[in-house]
Amino acid sequence: MVLRIERDHNRFKKIVHGQIKKELRKYVSKGELIGRQGKDLVSIPIPQIEIPQFRHGRRGSGGVGQGDGEAGDAIAVGEGGDAPGEHILEVDVTLEELANILGDALALPRIQPKGKRNIADAHDRYNSIRRVGPESLRRFKRTYREALKRQIISGTYDQVNPRIVPIREDRRYLSWKRVERPESAAVLIYMMDVSGSMGDEQKEIVRIESFWIDTWLSHQYRRLEKRYIVHDAIAREVDRETFFHTRESGGTKISSAYALASKMIDEEYPPSEWNIYPFHFTDGDNWGGGDTEACIDLLRASLLPRVNVFAYGQVKSMYGSGQFIRDLRDNFQSADNLLLSEIRSKDGIVDSIREFLGTGK
Amino acid sequence: MNLTGELERVREEIEAAARNYGLDFFETRFEVLDYEQINEVASYGGFPSRYPHWRFGMEFESLRKGYTYGLQKIYEMVINNDPCYAYLLECNHLVDQKLVMAHVYAHCDFFKNNNWFSKTNRKMIDEMANHSARVRRYMEKHGEERVEAFIDACLSIENLIDHHAPFIRRRDADGRRSAAAEGDRVEVSKIRSKNYMDRYMNPAAALEEERKRLEEKRLERGRFPAEPERDVLLFLIENAPIEEWERDVLGMIREEAYYFAPQAQTKIMNEGWATYWHSKIMTEKIVTGAEVIDYADHHSGTLAVQPGQLNPYKLGVELYRDIEARWNRGKFGRDYDECEDLREKATWDLKLGLGRDKIFEVRRIYNDVNFIDTFLTAEFCERQKLFSYRWNEKKGRYEIEDRTGKKVKAQILSLLTNFGNPFIVVADANYRNRGELLLRHRHEGVDLRIDHARDTLKNIASLWRRPVFLETAVEGKGKLFSFDGKEHQETDSEESAA
C-alpha cells in the first residue's frame, strides 16, 4: 500500500537535503557523519526545522513540576518546547543521496569514465522510426514526407492542388532501440604515510576526506574497488581498518608506496579496462638520499600515464617540512592529471575534495 | 480495518459500562491500524485526509523513528467528530485495547459535553477532506512550491487567534466594529479662566483653529482597527491584499486552528477525565484477574511524574478525585473555609455524596484555566508535592522555586494564560500613516524568542505586503522590531516597556 504520507515525507526529505547542502561544509569538517554510517545509510543530525511563531523564550520562564526536592535544587526539564534549538532530528540519508548532495554543493562534474568493462544495463531509447506502431507514436512529419514522396513518384501529385493523402504504407512511427551502457570499473588506491610525524589529527583528516571520496566515486562507478597501502620506509598493503589505525615510527620513503601501487596496477588493473585513482596522503616529509627523485621517476614513467588522476594530498603537521609538494610542483608543471592539494586543517577538507574531484576525470 | 469479533465484543461491554456510569458520547467508531498506518494518521493530527504539507512528513519521520527505536508508541488517538473516530494499534495486547477503549469513551463524552467544544465543527473529518481537495486544486493551478510557501507563512501565525471568539460577539452582525471608539469627539482643552475673562483667554477663533487641528490629526491617525484585534488571522483575511485563493487557504488554517484550540484549552481536564474513567471502568467492570498486573503497569505508566514536567493525566485525575471526595464530604463552602480547627477540617464529613454530580458538572463548564483556579487547593499541592520552578540565568539551569499553593497555582495559571501563547494584537494597520502594520505584544513577564519573532515578522510581511512592526520588550526595555520586505530592524521604544 502506498501511504498517503509518502508524498509529504518525500517533500520533507527534499527540504532536509537542501538543509544538509547548505550546511555541508560544517558536516564535512566535523567528520561527524562517518561514525553514523550504516551499510548504505548515513544518519545525519539536523536541527528540527521549525515553523517560526511568536513564542515565549526561556528567559524568565518557568513551570510546575512534581516530586521531592528543596527550593534551589536543580531539576532537569524535559520537553519544555521553549528551549531554543534543542530539538535534533536524525535523518537517514542513503549514500547515493549524500553523494548527490555533495556533487550539487561542490558543483562536482560527473566523471567521464574510460574503458568498457562490462555491460552494465540496457535500456530503451526512443530514437528510431519504423512502419508499424501505435497511433499515439505516429510521427506526422515523417508520414507526410513519405506520402509526398510516394505521390510524386507515382505521379499523382498535383502542383495546382497539392493534396497529400497518406495511406497505410506511408505511416511512420517512433520506435526504440535497446541501448547498452557500458559499465566502467574503477579502483581507488589509497596510500598513506604512517610514519611518526603523522599524528592523530592528520589521520582524522585523511579519514574524513577518504569517506567523501569513497562516497562520490562509488556514486560514479557501479563497481569500485578499494586498496589500501601504508608506508613509512617500506610499504605494505593493509585492510581498511588497519589503514586508519596503524601507527609506525621511523622514516619515510614515499617511493616504496609508489612502487607498490605501480606493481598493483601492473598485475591487476590493466588501464584499458580500469579507471585508476591513486590517492596519496602524507605530511610532505620524505627522506633524502634520492628518494624524491625515485618518486618522480615512478610517477612520470609508470603511474601518471596509466591513471585517471593521481591525487596527492598534503596534510599539514607540526613536524613535516612540507617539502614534497614543492618538489612535485617543480617537476610536473604541465601534468594535468596530477592533482596537488594542501590541507591545512579540517576546514580545508571541503576545498581539497573540490580540488581532487572537481576535474571530472 | 474494523474490529474483529473479540474486540467488538469487548467494545460493546465497555460501551455499556460507560453508559451505565452516565457517560454520554457520540457514536464512536474504532479502527485497528498497524503501526505504519497509525503513525501516518497521527502525523496528520488524527485526520486521515489533510492537505499536503511537509511538516506532516517531518512528524511522520520522527514518529517512525521513535517507534522503530522503541522510544515511543502511540496508544490511543481519538477525533472530536460526530461520529467520533478512534484508532487502536493492531499489535497491542487485549488489555491495552480495553484500556484505550475505556479511555476513548470518556474523551468522547468530554468532547460532546464540555462547553468549550460546543462550537467546534462536528463534521471536521469531512471539512478537513474539503480543505485538502481545495489545497490540491490550488497546487495544480498555482504550483506546489508557491502554495506550500504560502501555507508556511500562514502556519507561522496560526497561534494568533482569539480563544474566546467563538463565545463572544465582538462585532455587530454585519461584521462592522461597534462605532463607540469611532465616534469619540474631539475635545479642545481650554485655558482655565474666570468667566468674564474667558473670551479673551480662549478666543473663539483660536479654539476653532485648535479644534480643526486636532480633528485633522485624529483623521490622519484614524485608528484602524478601532480596537486592538486579537484575531490576527481574521484581520489579515479581511484586510491583507492577498489573492482569493490565498484568502481561502488562510481561512482554512484559521478554521483548523479554532477547531484544535479547545483541545489545548482543556488538556488537563480532558486527559484527567479520561484517566478517571478508564481507571473506574477497568477496575470495577472489565479487567480480568489475569490482566490486572499488566493493566496496573500500563496505567501507572501514564501517571508517572518527572520532576521537571507536569503530567496532565496525573494532575487532572487527581483533581477530579479530590473534587469528588470534597463534595462527597461537604468540604467546601463558607463553613468549611472559615473553620480554623485543622483536626475538624481533616475529619470533616457532612455525608453529602455530591461528588459524582459535581465532577460531571465540572467537566461540562470548566476549561483548564478556571479548573485550576477554582479547584487547586493548598492542601492538594502539598499532597501532590507540586512545586514551581524557574530558569536561573546565572547558573544556567532550572531550579525549584517554591512549594506554596499560592505560588504553584499562579505559575500554572501563567503557563495556561492565553493557552501558552503570547498575547499579540494588531494595534494599528495604518502605522505611521503609511499602511504599515503594527503588532503589539502584551508582555507578561516572559520575553519572546527573538529569532523566531523575526522570522515570523518576515512571514507576516509577506502577507501584508507592507512593512510590519512588532512592539515588545526585551530584558525590560521596550523594543520595536520591524521587517520591511528586505531587512530587519530593531529600535528602542518607550511605549511598551514592561
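Gln314(A) stands opposite Glu342(A), which belongs to strand S12(A). This is a predicted model, in which local features need pLDDT of at least 70 and side-chain atom pairs count only at pLDDT 80 or more, while totals for chains, interfaces and linings use all residues. Residues are numbered from 1 along each chain as its sequence is written, and chains are lettered from A and ligands numbered from 1 in the order in which they are written.

**Strand S11 and its neighbours**
- Strand S11 (residues 310-315) of chain A runs parallel to strand S12 (residues 338-343) of chain A, and 6 bridges join them; strands and helices here are DSSP runs numbered from the N terminus, with at least two residues (E) for a strand and at least four (H or I) for a helix.
- Strand S10 (residues 274-282) of chain A also pairs with S11(A) in the parallel sense, over 4 bridges, where pairing requires that DSSP finds at least two bridges between two strands.
- Within that pairing, Tyr312(A) of S11(A) is the bridge partner of His280(A).

**Burial of S11**
- In S11(A), 6 of its 6 residues are buried, meaning that 20 or more other C-beta atoms, placed from the backbone, lie within 10 Å of a residue's own.
- Phe310(A), Tyr312(A) and Gln314(A) point one way from the strand, whereas Ala311(A), Gly313(A) and Val315(A) point the other way.

**Domains**
- Chain A is divided into domain 1 (1-51 + 86-107), domain 2 (119-180) and domain 3 (184-357), with bounds that come from an automatic or database domain assignment.

Conventions: Buried ≥ 20, exposed ≤ 12 C-beta atoms within 10 Å, placed from the backbone.
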